[in-house]
There are 2 protein chains.
Amino acid sequence: MIQTIVLKNRPKGKPSVSDFEFVNETAEMTLKDQDLLLEPLYVSVDPYLRGRMSDSKSYIPPFELNKPISSGVIAKVIASKNANFQEGDVVSGLLDWKTKQISNGDGLIKVDPDKAPLSAYLGLLGMTGLTAYLGLTEIGKPKAGETLVVSGAAGAVGSVVGQIGKLLGLRVIGLAGTDEKIDMLISKFGFDAGINYKTSSDIQADIAKAAPKGVDIYFDNVGGPISDAVLFNINTFARMVICGAISVYNATEVPKGVSVQPFLVKNSALMQGFIVSNYAQKFPEAMQTLAMWLSEGKLTYTETVVNGFENIPRAFIDLFDGKNKGKMIVKL
Amino acid sequence: MIQTIVLKNRPKGKPSVSDFEFVNETAEMTLKDQDLLLEPLYVSVDPYLRGRMSDSKSYIPPFELNKPISSGVIAKVIASKNANFQEGDVVSGLLDWKTKQISNGDGLIKVDPDKAPLSAYLGLLGMTGLTAYLGLTEIGKPKAGETLVVSGAAGAVGSVVGQIGKLLGLRVIGLAGTDEKIDMLISKFGFDAGINYKTSSDIQADIAKAAPKGVDIYFDNVGGPISDAVLFNINTFARMVICGAISVYNATEVPKGVSVQPFLVKNSALMQGFIVSNYAQKFPEAMQTLAMWLSEGKLTYTETVVNGFENIPRAFIDLFDGKNKGKMIVKL
């Protein structure tokens, strides 16, 4: 019997477990020529999936109701009629939330279990690492000595952005929502400073204090009032990488905030939305750099691993309460 | 006797005539070596000057209290001890609001009264034209067939942006605040469509109707709710040139609006503040193109000319009520 997680309702506001449904399939799985049979080992849950659960125009089409949800998955090949893949291979790709599935191999990449732990291919050596590296370098255009602020800094992308910032010679300040996360930013990831936005009485002033030379680059994962506070501290020619806006993904009305335009004019500053898939031609180079840094011990990562297929929806929902440190992964 | 207009108070909200003071000077003006004596012929009043009247960090330092205000001025050389300028020459430069003044010639450009009307050197062939051309080309990066929306479209910069947009093969939609201005956009400047934002019952829907293929480039002179309405209509990879925010220059509290970040992420879109002086190395090439188009009759312009030195403050204030069509100029 095969289990599938489908989207039952389009969430209103924050998703709840009742928006998902577990469906049992009993149909025989028959491989055609070129097909692989896959069994997932690790499933990635990511904030951006929330966007695909709404029925609105975006950079990727919305999930269909009563159809399986898909995300980044590491899977084992358990049968193959495809010459490029053998039984026992481990692959990474965009796959369904399903206990077994057939693929024709398109878009799958073989990963090497000896080079890095398998889950790293969903994180540092996957979309997470690529997002951090390419967002920071392609839009942030960092120059040694500059100051970088990262929001959602203890999250999967944010913690890598900060480390890469340090490797590139930046002063790095992270924003996160618990003191434990702030400690981790500094002690584990080497950030220069951290601000707990939940306990800060004046985020704008705390950023000013942590960034005495002003903010040159802002890597934004959250949007909302935190990002407004950063605006008041930007330097001339500041670059703001808008990678995510988790603070408003669940908003049921159009979110409001400080008007950014006057800040952009005053500072000749740039704000640009970043979607990693637009930079696919840079993936090989970026992967090489990330793998090198990882093997040299210059990059580290944190995962929050949840066990069991049945807990995928819960793990996804917990992202919006900041329950993860680093990459949130479900192990099957 | 020489008259000077000084900044008496930093305006709170919209400037009023009482924020300015006319001061008489009786001191003798003595030319040192390299000096010129200048008499202004035309004075430019521009929205950006409002920013310099506040005591806040910006791309140019604020005006000092009780010191002369300065802006773009066309002046006649009435005496010269500088080998580069002769009596009778006409020059353009950033000069004080003063009926006579001494300059050492730094930053002054000689202009040719035979090539274009003198006031054009404050407009189409001055900062206005350069702002329109370089903002649109350097940040907007137009491609023929795309759709351009211009706010403040009947203003000095906006009316030139729209015309250049047409010359570059774009569909051009202008936003302005009177039906008369909308008529002018279409009949005089060749815009494809215009929207009166004051009488529109749904700006967002009207933009959607005028831009059936969505908005690729937004040239923003105004900020505020008009710009929010544009956001809902942008295409993937849209570029938003933030050139001004006249709608909020007089705001006494930090202006709020729709959070732009989710729109930027969804559409991989860019917003960038544009200050023409950052592109000084491109001025000669841009000037050449603008002068060519003007001489070929491909560009036209509108001026609102106010007479008399004593009316400079009033003309400046009238900008914020949209009383100008095209470039606002004071003739002395």
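Chain B and chain A bury about 3000 Å² between them, 59% of it on carbon and sulfur atoms. Buried area is the accessible area (1.4 Å probe) that two parts lose on being put together, summed over both. This is a predicted model, in which local features need pLDDT of at least 70, side-chain atom pairs count only at pLDDT 80 or more, and totals for chains, interfaces and linings use all residues. Residues are numbered from 1 along each chain as its sequence is written, chains are lettered from A and ligands numbered from 1 in the order in which they are written, and side-chain values use heavy atoms, with hydrogens and water left out.

**Between the chains**

On chain B, 36 residues are in contact (heavy atoms within 4.5 Å) with 36 residues of chain A. The side of chain B that touches chain A has 19 nonpolar, 13 polar and 4 charged residues. Here Ala, Val, Leu, Ile, Met, Phe, Trp, Tyr, Cys and Pro count as nonpolar, Asp, Glu, Lys and Arg as charged, and the others, Gly among them, as polar.

Helices (H or I, at least four residues) and strands (E, at least two) are DSSP runs, numbered from the N terminus. At least two residues of the side of chain B that touches chain A come from each of strand 12 (234-242), strand 13 (256-258), helix 7 (261-267) and strand 14 (270-273) of chain B. Helix 7 of chain B gives the most, with 6 residues.

Strand 14 (residues 270-273) of chain A pairs with strand 14 of chain B in the antiparallel sense, over 3 bridges; two strands pair if DSSP finds at least two bridges between them. In this pairing, Met271(A) stands opposite Met271(B).

**Between the domains of chain A**

A domain assignment, automatic or from a database, divides chain A into domain 1 (2-123 + 301-331) and domain 2 (127-277). Their centres, taken over C-alpha atoms, are separated by 28 Å. In contact are 19 residues of domain 1 and 16 residues of domain 2.

A salt bridge is a side-chain nitrogen of Lys or Arg within 4 Å of a carboxyl oxygen of Asp or Glu.

| Interface | Buried area | Salt bridges |
|---|---|---|
| Chain B and chain A | about 3000 Å² | 0 salt bridges |
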